[in-house]
Amino acid sequence: MVAPLKVFLALLFGVLVLFQTMSLPGQFAYMAKESPDQAYLRWPLTAITVFWVLCVQVVIVATWKLLTLVKKDRIFTEASLVWVDAIVWAIVAAGAVLFGVDLYVAAKADDPGLPLLLFLMSIGVAVLALLMLVMRALLRQATSLRTDMEAVI
């Protein structure tokens, strides 16, 4: 299953690069042209969304590295924890920016719909980060057990 997953990760990474460089900047330029009263949001929205895509790309690269460790039967080593940490920090960074966007939108909104949706997304990202921390703890425990078993043998 490692090889097909790597193919899809590479495909996803490539599509995200296209979004980062062409689609997102083009979309916000179009929105600024169509709604001149909100044109001031063009560059902040572009920067924020490109940052979020970058966070996803970090997760993809770290997952790729973890899959490589799985294939080499080295997943239960300290090296794997570095890549899990990269995933956690990418999720935390994306979540922090999302929470900031949520606060900004909530302060400006006259309808609770969008702030609530963003808040729901913030909770989802927090759950994902906490889940990754649990997975990291399990990986650390399994790594420790494997190291202990190898020392006995």
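Here is a short chat about reading a helix pair and its salt bridges in a predicted model.

Student: How are helices α3 and α4 oriented, and at what angle do their axes cross?

Tutor: Look at α3 (residues 78–108) and α4 (residues 113–152): their axes come within 9 Å and cross at roughly 165°. Angles over 145 degrees count as roughly antiparallel, and therefore α3 and α4 are roughly antiparallel to each other. Their crossing is left-handed. The residues of this contact divide into 22 nonpolar, 4 polar and 5 charged.

Student: What about charged side chains?

Tutor: The general idea is that side chains of opposite charge can pair when their charged atoms come close. In this model the count comes to 4 salt bridges. One of them joins Arg-136 and Asp-85, with the closest N and O atoms 2.3 Å apart.

Student: Is Arg-136 buried or exposed?

Tutor: Arg-136 counts as buried because its relative accessibility is 18%, and buried means under 20%.

Student: Which residue pairs with Glu-78?

Tutor: Arg-140 does, with the closest N and O atoms 3.8 Å apart. Again helix α3 (Glu-78) is linked to helix α4 (Arg-140), 62 residues apart. Glu-78 is partly exposed at 49%, and Arg-140 is partly exposed at 37%.

Student: Where does Asp-73 lie?

Tutor: Asp-73 lies in the loop between α2 (42–71) and α3. Its side chain meets Arg-146 in a salt bridge (3.1 Å, N to O). Arg-146 is in helix α4, so the pair ties together parts 73 residues apart in sequence. Asp-73, Arg-146 and Glu-150 are linked in a salt-bridge network.

Technical notes: Residues are numbered from 1 along each chain as its sequence is written. This is a predicted model: local features need pLDDT of at least 70, side-chain atom pairs count only at pLDDT 80 or more; totals for chains, interfaces and linings use all residues. Side-chain values use heavy atoms; hydrogens and water are left out. Axes are lines fitted to C-alpha atoms, for helices over the stretch in contact, and angles run from 0 to 180 degrees between N-to-C directions. Helices (H or I, at least four residues) and strands (E, at least two) are DSSP runs, numbered from the N terminus. Angles under 35 degrees count as roughly parallel, over 145 as roughly antiparallel, 65 to 115 as roughly perpendicular and the rest as oblique. A crossing is left-handed if the near helix is turned anticlockwise from the far one by less than a right angle, and right-handed if clockwise. Ala, Val, Leu, Ile, Met, Phe, Trp, Tyr, Cys and Pro count as nonpolar, Asp, Glu, Lys and Arg as charged, and the others, Gly among them, as polar. Buried means under 20% relative accessible area, exposed over 50%, partly exposed in between (1.4 Å probe, protein chains only).
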